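Here's a quick tour of a two-chain model, taken one chain at a time and then at the place where they touch. Have the viewer open as you read.

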Amino acid sequence: MIAGKQPESPAGRDSKAQPIIVLTRSFPALADTVREILILMTERLRLHTTTDLLGRAELVLAELLNNVAQHGRAHSADPAPIVHLSVVAQPDGLACSVSDDGGLLPSICLNSPPPDPRNDPEGGFGWFLIGHLTQSLIYFREGERNYVAFTIPLHPSKAA
Amino acid sequence: MNLTVKDESGQIVVRIVERRLDAAIAGEFKDAVRPHVAMRGPDLLLDLGEVEFLDSSGLGAVIALKKALPEGRQMRLRRLTPNVARVFRLTRMDQVFDIVDAADCGKGGCA
């Protein structure tokens with residue numbers, strides 16, 4: 001079983017679930033490109049996973065990639081950061097890695113509390129959603145690149 | 001940015017005819033809907049039934065529209081699809097917005 005879906009013809013496949021690389025792509029972090037990549041990813045993922053996991057994965061990656069698009073450069077005139085995205089379907093969920101050559105990710109992002117709805121916040125939701133919907137998230141910076149890797153579980157422990 | 005605006009038994013229904021309300025379209029969405037929101041008038045119903053995907057930029061735009069309402073005017077949301085409802089629930093914005101379920105649309109239906 002790969003990320004919640006049985007293979008269509010189990011007899012024809014190895015019974016041990018092998019990770020399947022769903023998508024690996026490099027692209028500029030621009031809102032329109034991010035949208036195209038997410039649409040491509042959901043088309044690929046549909047074959048390998050449940051609707052619920054698909055929805056959570058698309059949301060997490062949208063938040064992460066749009067964050068790079070919006071904050072990855074100090075000056076908006078500079079060329080967009082180049083992102084490398086890899087998504088692998090596993091029996092227990094989706095393993096994702098994202099790297100980009102944008103600016104340093106502020107550490108506060110990684111421990112984002114939920115915004116207080118009483119204050120009518122318009123932003124600050126992105127990293128909270130990423131933290132809530134992922135497991136085993138790691139971040140490091142090496143050379144001029146940010147690296148983020150995490151799993152989106154098939155069966156979330158927190159309400160999702 | 002595709003949307004329709006119509007008067008439906010005394011309230012203005014703004015229907016978003018887009019499958020994605022995301023960072024690529026959030027600014028355009030806000031600019032397109034704000035003129036229908038910012039003036040005085042009957043209460044508003046934002047119909048999100050076509051929207052299959054919403055991210056935090058889209059959510060921020062919906063919140064900004066709510067804030068643009070003049071004193072005394074209300075905006076409700078209806079027909080949230082599962083992915084859209086999840087974003088409202090996780091961010092607890094479902095406590096801030098008046099969300100009408102599909103079943104509550106009345107005799108006229110929600111189409």
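## Ground rules

Helices (H or I, at least four residues) and strands (E, at least two) are DSSP runs, numbered from the N terminus. What we have here is a predicted model, with local features needing pLDDT of at least 70, side-chain atom pairs counting only at pLDDT 80 or more, and totals for chains, interfaces and linings using all residues. Residues are numbered from 1 along each chain as its sequence is written, while chains are lettered from A and ligands numbered from 1 in the order in which they are written.

## Chain A overall

Chain A comes with 3 helices and 5 strands. Read from the N terminus, its elements go β-α-α-β-β-α-β-β.

Of the 160 residues in chain A, 35% are buried (20 or more other C-beta atoms within 10 Å of the residue's own, C-beta atoms being placed from the backbone). Take the contacts in chain A (C-beta atoms, placed from the backbone, within 7 Å) between residues at least 6 apart in sequence: 64% of them join residues at least 24 apart.

## The sheet in chain B

Over in chain B, 5 strands make an open sheet with mixed pairing, in the order 1-2-4-6-7; strands pair if DSSP finds at least two bridges between them. Strand 1 and strand 7 (98-100) of chain B sit at the edges with a single partner strand each, so one side of each has no neighbour in the sheet. On average, neighbouring strands of this sheet are turned by 25° against each other, direction ignored (the axes are lines fitted to C-alpha atoms).

Further in, strand 4 (residues 44-47) and strand 6 (residues 75-78) of chain B run parallel, joined by 4 bridges. Look for B:Leu46, which stands opposite B:Leu77 in strand 6 of chain B.

## The hairpin in chain B

Strand 1 (residues 3-8) of chain B is hardly covered, with 0 buried residues among its 6. Strand 1 runs antiparallel to strand 2 (residues 11-16) of chain B, and 6 bridges join the two. B:Leu3 has B:Ile16 in strand 2 as its bridge partner. The hairpin of these two strands has 2 residues between them, and B:Ser9 takes a positive phi near 35° there.

## Where the chains meet

Between the chains, 22 residues of chain A are in contact with 23 residues of chain B. Helix 1 (31-45), helix 2 (51-71) and helix 3 (126-133) of chain A each supply at least two residues of chain A's side, and helix 2 gives the most, with 7 residues.

Conventions:
Contact = placed C-beta atoms within 7 Å. Buried ≥ 20, exposed ≤ 12 C-beta atoms within 10 Å, placed from the backbone. Axes fitted to C-alpha atoms, helices over the stretch in contact; angles between N-to-C directions.
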